[in-house]
Amino acid sequence: MTAILDAADLDLREILRPGDRIVVGQACGEPTTLIESLIAQGAGIGGLSVFVATSFSGLFTPAATDAFALSSMGAIGALRAVAAEHRLAIVPCHVSRVGPLIEAGIIGCDVAFVQVSPADEHGEHSFGLIGDHVRAAVTAARVVVAEVNDQVPRTCGERLSASEIDYAVTVSRPPVQVPPARVGPVDAAVAEHAAAYIGDGAVLQTGIGAVPDAILRLLCDRTDLGVHSGMIGDGLVDLVEAGVVTNARKEIDRGVSVTGALIGTERLYRFADRNPSIRLCATGYTHDAGVLAQLERLVTVNSAVEVDLTGQVNAEQSGAAYLGGTGGQVDFVRAGMRSPGGHAIIALPATAKRGTVSRITATLGGPVTTARSDVDVIVTEFGAAELAGRTLPERARRLIAVAHPDFREELERAAHAIQRRGF
């Protein structure tokens, strides 16, 4: 039987055991009341560990980890500051593998902290703003603690029965919001080159940030676009309202935008509330190779920290600084490249640190996230380098052509040296 608790009276000592492993709902699905209680009370329980895939709440800080050990699949969102202080343990994995790793007990889940909408007339809650791996966490957990928030939209997708909840904490507070990024001139230029690959009837996968937002703003003249993505933001609302996104030509899920997470503002959340044209799904569906293989004209857009002259992509780390994660990049790059009429785009500004560092590099300064054999198109503000099926010397020439002009001579010398000793 579910215990109904008031947030003000929440005592985690009655719920948690020393040494418990907790999986917390991520992104805009973060149960903020439960996280705040965990930060305040965790040290007194002892030995707790927390896994959160991404975080935008700002609650997970270096100081907060005094109460528990924190791990994640990457330094995404507010977790970057925790990683910078060496207080975040990184689990390198594709986002599609988080659920299976929880199911296998490799990512331990004794307790699941989730945020849900109020129950409907059938006693079922919506997971609201995330689909991803929350169902896997709920199924694996000894104890399920649900933050029932009446400001969370009731979205279409996986349901949580009231009978599956051990403790329900009722709250009324705005969920985490991530406003659209400010788009600068460089972002707009990158977006213009990327948008050229998106034609009528294309199915889109994008992330969040300035470049994806800028791309979506350039698509208002397209027709019958579809969406199958790990996450979507406020830009989807604009395209649906403009009649651009209809999902009418998708081979599967016709008429429905499929996503694993809503990462945006109240505008997006209101739009998704009880809206059957948006469905939140687990990563076992959003990122599944078999599912993605059914989509034609799939255009995937992902980002990178740097790309080397052979096409290897690092989306995780710059030197010792962890800046991102593996995420769903590899799943979608492979799917976009193989999709009939589709493309896989890696989009990034040509430089970093105010133009002092080239992001097209002779060799990577961090790990290989996406192998050069999987890469299709690299886009910067200086153009698009189509790499699929190209020889290594030709790849180098094409990548140098989209590097910042200030670094091209240096990269040409590096390419010549690499070619002499063999790529």
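Biologist: How many helices and strands does the protein chain have?
Modeller: There are 13 helices and 26 strands in the protein chain. Those are DSSP runs, numbered from the N terminus: helices are H or I with at least four residues, strands are E with at least two. Keep in mind that this is a predicted model, where local features need pLDDT of at least 70, side-chain atom pairs count only at pLDDT 80 or more, and totals for chains, interfaces and linings use all residues. Residues are numbered from 1 along each chain as its sequence is written, and side-chain values use heavy atoms, with hydrogens and water left out.

Biologist: What box do the C-alpha atoms fill?
Modeller: Roughly 70 × 45 × 35 Å, taken along the principal axes. The radius of gyration of the protein chain is 22 Å, which agrees with the value near 22 Å for a compact globule of 423 residues. That radius is taken over C-alpha atoms, and the globule rule is 2.2 Å times the number of residues to the power 0.38.

Biologist: And what percentage of the residues is buried?
Modeller: 55% of the 423 residues. Buried means under 20% relative accessible area, exposed is over 50%, and partly exposed is in between, using a 1.4 Å probe and protein chains only.

Biologist: What share of the contacts is between residues 24 or more positions apart?
Modeller: 68%, counting contacts with a separation of 6 or more. A contact here is heavy atoms within 4.5 Å.

Biologist: OK, switching to helix α12. Which residues are buried there?
Modeller: In α12, residues 392-402, the buried ones are R395, A396, L399, I400 and V402. Seen down the axis of α12, its buried residues fall within an arc of 160°, so they line one face of the helix. The arc is that of the directions from the helix axis to the C-beta atoms.

Biologist: What covers them?
Modeller: The cover includes strands β17 (306-308), β24 (360-361), β25 (377-380) and β26 (383-386), along with helix α13 (405-421).

Biologist: Now loops. Where does V52 sit, and is it buried or exposed?
Modeller: V52 is in the loop between β3 (49-51) and β4 (69-72). It's buried, with a relative accessible area of 0%. Leaving aside neighbours within four places in sequence, V52 is in contact with V24, G25, Q26, F60, L70, S71, S72, M73 and L79. Its C-alpha atom is separated by 8.7 Å from that of I22, 30 residues apart along the chain.

Biologist: What about L10?
Modeller: L10 belongs to the loop between β1 (3-6) and β2 (21-24), and it's buried at a relative accessible area of 6%. Not counting residues up to four places away, L10 touches L5, I15, L34, S37, Q41 and V169.

Biologist: And V305, where is that found?
Modeller: In the loop between β16 and β17. V305 counts as buried at 16% relative accessibility. Beyond four places in sequence, V305 touches several residues, including N314, A315, L323, L348 and R359.

Biologist: Last topic: which residues lie nearest the centre of the second largest pocket?
Modeller: D150, Q151, V152, P153 and Y269, out of 15 lining residues. On a 1 Å grid over the protein atoms alone, a pocket is an open set of points where a 1.4 Å probe fits, with protein on both sides within 12 Å along at least five of seven lines, and lining residues have an atom within 4 Å of a point.

Biologist: What's its volume?
Modeller: About 230 Å³ for the second largest pocket.

Technical notes:
Points joined across faces, edges and corners; volume = space filled by probe spheres on them.
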